[in-house]
Structure formats: structure tokens, C-alpha cells
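Me: I am new to this structure. Can we go through how its parts are arranged, one question at a time?

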Amino acid sequence: MYELAASYVAGKWAGGAGAETIAVRSPATGELLGTVGAAGPAEVDAAVAAARAALTSSPWCDASPADRAAALGRLADGLAARKSVLADLTTAEIGSPRSWSTFGQVLTAVGVLRAYAAIIPDYPFESTRPSLAGGRVTVRQVPVGVVGAIIPWNTPLFIAALKLGPALAAGCSVVLKPAPDAPLSIGVLTEVIEESGLPDGVINIVNGGAATGQALTSHPDVDKVSFTGSTAVGAQIAASCGSQIRRCSTELGGKSAAIVLPDAPLESTVSGLVGGVMGNNGQLCAALTRILLPRSRYDEFCTALTAAVEQLTVGDPAARTTDIGPLINEAARDRVEGFLRRAHAEGATILTGGERPAGQGWFVRPALVAAGNDMEIAREEVFGPVAVVIAYDDSQGDSAAVNIANDSRYGLVGAVWSADDDRAAAAAAQLRAGSVAVNSTAVLDFGSPFGGFKQSGIGREGGPEGIAGFVEYQAIIR
């Protein structure tokens, strides 16, 4: 059993006297996996102070871009060396199917860190241009400072890497707050940090719930907040940061659309659609939860999708044959079931799934729901194994599907399937979404920006654009 203190500060675990203890249990069995302390204001103060000291009085403040790239490479290597241990732990802690955990939870984090190590050498941390007054201007990109980074429970290592990668590449220091439902894999990350040779205080960790997060995001010595989570909480954090003129970036919810054009091949498209919405038990902000089907082929695709969803294996997430594991906790299962009940009452048709399997754990059978785009289940993020199919009138052209896809307050990702890549790419370019895949579910490229339009967030993570979110621009005019 894992036992983590409330905070990891300047290379050491520490807990405050009388700190609250949070139990971490398996969502599949209820087994106690570990406990973690909850950091209070004093622990948050210490973590932020350590991060500030790392910027001003440690070797990190003089680290060159090459040094920072090497450090990121060592972090990536350390995670890769613990691939199996981390995959097993995230399967136990989150319920991610073991068949998905290695790539979806661990190797994605490794890939992000290695991508930033590769981007740094060509990043323009300093450039010179002619001055309009006749001299020259040196434009420097300097670290924004201390970063408060808050990560969700569904893909903790991956999202941690999306924040640590660009922040460290820029030369910042970080105070990282995991979600209380999934802190254990981040505990293993501290072993990697220690092996990497990073100076003490460059990466610090504070565990806890909402109170710990609020103490971090409101701390006067935090220069930037980077948050991934729900739109509601993100709006609160952005408002708080705005009132203090504090830099802030958010990656929030999604209700992303997958457009099936009339010429799309049936078998490969259905396989991609099911994977795009059911990965990690549907607990992904980038899940392609709205499937837009041409009316001319609606019945054909619905039949094939129903059969594919019914073939998914629900059960023990540690079993290599399992496709769908449990939801993270009882509240999450109740939320998914509530969406399905209200959808039925609103006139949607549950084509398959949605039942509770017998036995313990927070399981829901994967569901396929036929609905209109104006229904709640097509408007709000369910965050579970639920796909919504929506018909569009393909006699009106591809724009009919694009219009439905864009009719959402979210705009995180999207996908378009067609037998013609150019046709799919043309439709993809019309979507108001941050990343769009063509004939696949590859909505993230490690070297490219990731983030959303509209209420899916502000800012980008990934690629050189991710580094730009962790720097301040300084012009020196001669």
C-alpha cells in the first residue's frame, strides 16, 4: 500500500501536523490502495517558496536550453523505465483498462517530454530584428516564473507531462497538484525527479482537494496557473487569476464531434468511432462523443455501431482482454446513469447499454444513444462510456454536418471520416475545434498545439506554442 505525505518540497516529502488523510481506493474493487495527506496553506507556502528559490538561487536559474532539454530527456527515460509499474498502478488507481494504460497513460507522457526535449534546440528564446528607429531590437523569451499546475485524475501522468514539459523547457519552476482521486502515479514521478538530477525545488507537489487547489491558485507568489479539468472549475480559476492579473491557461471540457461523410468506409470508420469515444472508459476530455451520421446511411451505421459497442468486454481493468473498466467513483457512475435517464425522458433512444453489470465496482455498460443535437446528452459532457449518434441531412452537402458539429459551447477536438482524405480535410478545416483528425482518432500530436476553442479552454499545450504560454517577452532596444 502506498502512503504519501501531503507535500513534496525541495526534494523531500513532508506533511503538516494534523493534516487530513485521503484514502485512495480501487474503483473496480473498493480495495484500499493507499493514503495521501492533504496540504494546507503552510505546505503550499513552502512549496511555492521552494519553487521561487529554484528560480533565483539554484543551478536551474542559469540552466541553458541544452541543459533543460537534457533534463526533460532524463525525466522521459525515468518514466519509460517504470512503464509496467506505472501502467499497473494507473489501472488499479483509475480503472483504465490495462490494454490501454501503457500507451494512453504512460507512453503519452514519455512522448510529450521527449518532444519538448527535441523542440528546445530550435526554439527562439532570443532573436534580433531591425528596429524601426534604425537600430536593432533583441527579443528575449524569459520564464514566466513559478507555475501552479493543477491536473485531473483521468490521465494524470500525461497531463502532468503536458504542463511540466513546456514549463521546464521555458525555464520555469512548478508546483504540481494532483487530483485526490489519483495521486499515486504522481508519487512515483517523484522517484524519477530525484533520479533526473533536477535541482531541488524545480518540481514540487502538493496533494489535496479543492482547498489545496485554491490555496495554490490564489498564492501571491505564483506567476502563472495552468489548469486542466472541468469548465465550471476552470471558469472560477480564470476569474480569480483575472482579478489578480495573474497569467492563466486552461484546458477544459469537450463535447467533440466525429463527422462521418456519406462515402466513409463502414468497417474502419466504425472501429475508429468506437475507439474514439470509449477509450479510458469514456473518461477523456477529447472523447469523440457526438457521432454525426449521414441520413442516407444512418441505419447502416447505427446497426454496425450497436454491434461493435455490444462486443466490448466490460470487467476487471487489469485483465488484458478488458475493453471497458469502471468509472472513477460512485458519483461518476451516478452522473452517467442520470444522463441516460434524462435522455430517455427527453425522447432519445438508448440503442444499447447503460446497465449496471452484476458485482462490485463502479461499472456501467457502454451505451449508444440516438438523440438530437438539442438534447442535454448531446450538449453536456457525460464523461463516461456513452456515444451519441445524430443524423444530418447529407443532401444539403457536408456543411450540414459541419454546422451541427459547430453548434456546441465546446470546441476541443473533432474528427472527419471519408474515403477521400482531401474532402475530409476540407470539412475538418471548417470545424471550430483546436485539433481535428482525418480518418483517425489521432487528435493529439506531441509536437503540435493542443487546446480548445470556446469553453474548452484558453491557451495551448504541446509543440512550440506550448512553450510560448510559459514565457514573458522582453524587448531590448538599442
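Me: What distance separates the centres of domain 1 and domain 2?
Reply: This is a predicted model. The protein is divided into domain 1, made of 2-252 and 456-477, and domain 2, made of 257-438. Taken over C-alpha atoms, their centres are separated by 31 Å.

Me: How many residue pairs are in polar contact across the interface of domain 1 and domain 2?
Reply: Salt bridges between domain 1 and domain 2 number zero. For polar contacts, both residues of a pair must be at pLDDT 80 or more. Under that rule the number of pairs is nine.

Me: Which helix gives the most residues to the side of domain 1 that touches domain 2?
Reply: Two helices, α3 (83-94) and α4 (98-119), each supply at least two residues of that side. The largest contribution is four residues, and the helix that gives them is α4.

Me: How many polar residues does the side of domain 1 that touches domain 2 have?
Reply: In domain 1, 22 residues are in contact with 27 residues of domain 2. By class, the domain 1 side has seven nonpolar and five charged residues. Its polar residues number 10.

Key:
Residues are numbered from 1 along each chain as its sequence is written. This is a predicted model: local features need pLDDT of at least 70, side-chain atom pairs count only at pLDDT 80 or more; totals for chains, interfaces and linings use all residues. Side-chain values use heavy atoms; hydrogens and water are left out. Domain bounds come from an automatic or database domain assignment. Contact means heavy atoms within 4.5 Å. A salt bridge is a side-chain nitrogen of Lys or Arg within 4 Å of a carboxyl oxygen of Asp or Glu. A polar contact is a pair of N or O atoms within 3.5 Å; within protein, one must be able to donate a hydrogen and the other to accept it, and residues adjacent in sequence count only if both atoms are side-chain atoms. Ala, Val, Leu, Ile, Met, Phe, Trp, Tyr, Cys and Pro count as nonpolar, Asp, Glu, Lys and Arg as charged, and the others, Gly among them, as polar.
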